[in-house]
Amino acid sequence: MKKIIKNPAQILTINSDGQGFKRGTHLEDIGLLENHSIIIENEVIKDFIPNSRINKHKADEIIDADGKVAMPGLIDCHTHTAFAGSRANEFRQKLKGTGYEEIAKKGGGINTTVDAVRKSSFDELVKIVKPRIDNYICQGVTTLEIKSGYGLSFYDEVKLLQVIKHLNSITEIDIVPTFLGAHTYPREYKNDHSSYIDIIIKEMIPYVANHKLAVFCDGFCEKGSFTAKEIDLIFTKAVEHGLKLKLHTEQFNNIGGLQVALKHTALTVDHLEVIKEDDIPLLAESNTIAVLLPGVSFFLDYEYAPARKLIESEAIVALATDFNPGSSHISNMSLIMSLASIKMKMSMEETLSAITLNAAAALDLGNTCGSLEINKAADFAIFEVEDYSEIVYSAAHNLNCMTIKKGEVIYNKNRE
């Protein structure tokens with residue numbers, strides 16, 4: 001079937017020339033086209049044609065984008081969307097000055113959500129999480145990563161990953177599952193770390209890999225969570241079982257997480273709020289992607305990752321929400337883009353490249369989606385604006401009016 005996205009005011013291709021990501025200063029190049037339309041065939045982008053030639057092409061369907069901005073579907077490459085319960089009471093404590101780490105030490109934090117997830121059935125979790133995915137879709141998101149990490153037992157981690165797998169089968173977008181059994185230590189293993197690590201290594205990872213419940217293995221390398229040595233053990237086993245690697249690291253302290261991630265050639269390192277300046281060149285010289293999470297810094301009123309230094313050092317920088325119930329209860333992609341520009345001093349163009357193409361690369365999908373290039377997936381967000389600057393300028397305001405996945409319109413604001 002042949003379709004045409006007709007006459008958008010602007011097309012942001014975020015063209016990578018086949019490379020699948022943008023490094024450093026190349027983030028500025030958004031591949032802007034005007035007076036063009038887009039041809040889609042068999043779920044992929046077939047061509048970009050000048051509007052003067054549009055009458056020469058017969059199409060089975062015309063998608064009217066007149067006066068709008070067409071760009072790659074947004075990608076959220078770091079989320080904890082699969083959770084139950086609320087941490088609003090802890091947020092109240094934070095507003096009164098209690099720190100995130102202090103709340104965790106008192107038994108709150110992640111383990112509060114673990115309790116709620118363990119009490120929730122498979123069906124209850126599906127019912128809770130599905131509307132969150134729908135909210136992403138209406139914002140123009142076409143690919144979404146979701147982590148486990150709130151089960152912290154064999155049964156409950158598998159339950160969460162099965163929920164994510166089921167949701168991927170019943171929603172129109174692609175959901176990429178990540179195993180995060182090494183999120184923190186559950187209460188029952190607070191004083192017996194080695195036994196919990198054994199469960200991760202000997203039970204969880206083999207089962208998750210053998211049953212294809214996750215693409216990635218992630219961990220949280222931080223004081224009060226997992227040491228660099230412990231992450232090293234977990235990553236070694238994950239690689240043996242064919243899982244790709246991500247790592248939460250350098251959020252509050254530097255305890256060797258970045259070095260372990262680089263040793264194992266992790267695809268991404270996420271957070272980096274307190275990355276040492278001397279370590280930036282090490283990251284920039286690698287192909288490991290820096291996934292920055294400005295929503296966390298905003299929500300915790302904490303320092304922001306040094307985006308400018310990373311970009312100017314030619315690192316590969318992506319953006320994500322880190323949507324979760326504790327440290328970033330934010331699933332608004334527009335707010336993340338605005339925070340990146342205002343607080344991390346990223347240009348509009350850098351921000352848009354980081355939340356599309358480089359976010360795709362952070363899921364090892366940069367060669368199939370994240371940019372508008374011939375033979376890549378026909379995944380689009382259509383924004384009801386005439387100039388792309390409005391997208392980043394309009395903080396926390398959803399301007400997406402149409403979401404297209406593999407050439408199919410899966411959300412249309414004007415047909416609600």
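These legends accompany close-up views of a predicted model.

**View 1. The open sheet of six strands.**
Six strands make up an open sheet with mixed pairing, in the order β3-β2-β7-β16-β17-β18. Its edge strands are β3 (32–33) and β18, each of which pairs on one side only. Strands of a sheet pair through backbone hydrogen bonds, either parallel or antiparallel. Strand β16 (residues 380–383) pairs with β17 in the antiparallel sense, over four bridges. Within this pairing, F383 is the residue opposite N400 in β17.

**View 2. The hairpin of β17 and β18.**
Strands β17 (residues 400–405) and β18 (residues 408–412) run antiparallel and are joined by four bridges. M402 faces N412 of β18 across the pairing. Two residues lie between the strands of this hairpin, and K406 has a positive phi near 50 degrees. β18 is an edge strand of the sheet, while β17 stands between β16 and β18 in the strand order.

**View 3. The aromatic pair of F83 and F323.**
The search of the whole structure gives nine aromatic pairs. One of them is formed by F83 and F323, in an edge-to-face arrangement with 5.5 Å centre to centre and 65 degrees between the planes. This pair links distant parts of the chain, 240 residues apart. F83 belongs to the loop between β8 (74–76) and α1 (88–95), and F323 to the loop between β15 (317–319) and α12 (333–343). Both F83 and F323 are buried.

Y136 is buried, as is F323. Ring pairs join F83, Y136, Y150 and F323 into a cluster.

**View 4. Charged side chains over aromatic rings.**
R132 places its charged end over the ring of F83, 3.7 Å from the ring centre. K246 lies over the face of F216, and the distance to the ring centre is 4.9 Å.

**View 5. The largest pocket.**
The volume of the largest pocket is about 500 Å³. Its lining consists of 23 residues, and A104, K105, T184, G224 and S225 are the closest to the pocket centre. Helices α2 (100–105) and α3 (110–119) each contribute at least two lining residues. The largest share, four residues, is from α2. By type, the lining of the largest pocket has seven nonpolar, nine polar and seven charged residues.

**View 6. The second largest pocket.**
The second largest pocket holds about 220 Å³ of space. It is lined by 13 residues, and those nearest its centre are K94, G99, Y100, L300 and D301. Helices α1, α2 and α10 (294–300) each supply at least two residues of this lining. The lining of the second largest pocket is made up of eight nonpolar, two polar and three charged residues. Helix α2 supplies lining residues to the second largest pocket and to the largest pocket.

Conventions
Residues are numbered from 1 along each chain as its sequence is written. This is a predicted model: local features need pLDDT of at least 70, side-chain atom pairs count only at pLDDT 80 or more; totals for chains, interfaces and linings use all residues. Side-chain values use heavy atoms; hydrogens and water are left out. Two strands pair if DSSP finds at least two bridges between them. Rings of Phe, Tyr and Trp (its six-membered ring) pair if their centres lie within 6.5 Å; planes under 30 degrees apart count as stacked, over 60 as edge-to-face and the rest as tilted. Buried means under 20% relative accessible area, exposed over 50%, partly exposed in between (1.4 Å probe, protein chains only). A charge sits over a ring if NZ of Lys or CZ of Arg is within 6 Å of the ring centre and within 35 degrees of the ring normal. On a 1 Å grid over the protein atoms alone, a cavity is a set of points where a 1.4 Å probe fits but cannot get out, and a pocket is an open set with protein on both sides within 12 Å along at least five of seven lines; lining residues have an atom within 4 Å of a point. Grid points are joined across faces, edges and corners, and a volume is the space filled by probe spheres set on the points. Ala, Val, Leu, Ile, Met, Phe, Trp, Tyr, Cys and Pro count as nonpolar, Asp, Glu, Lys and Arg as charged, and the others, Gly among them, as polar.
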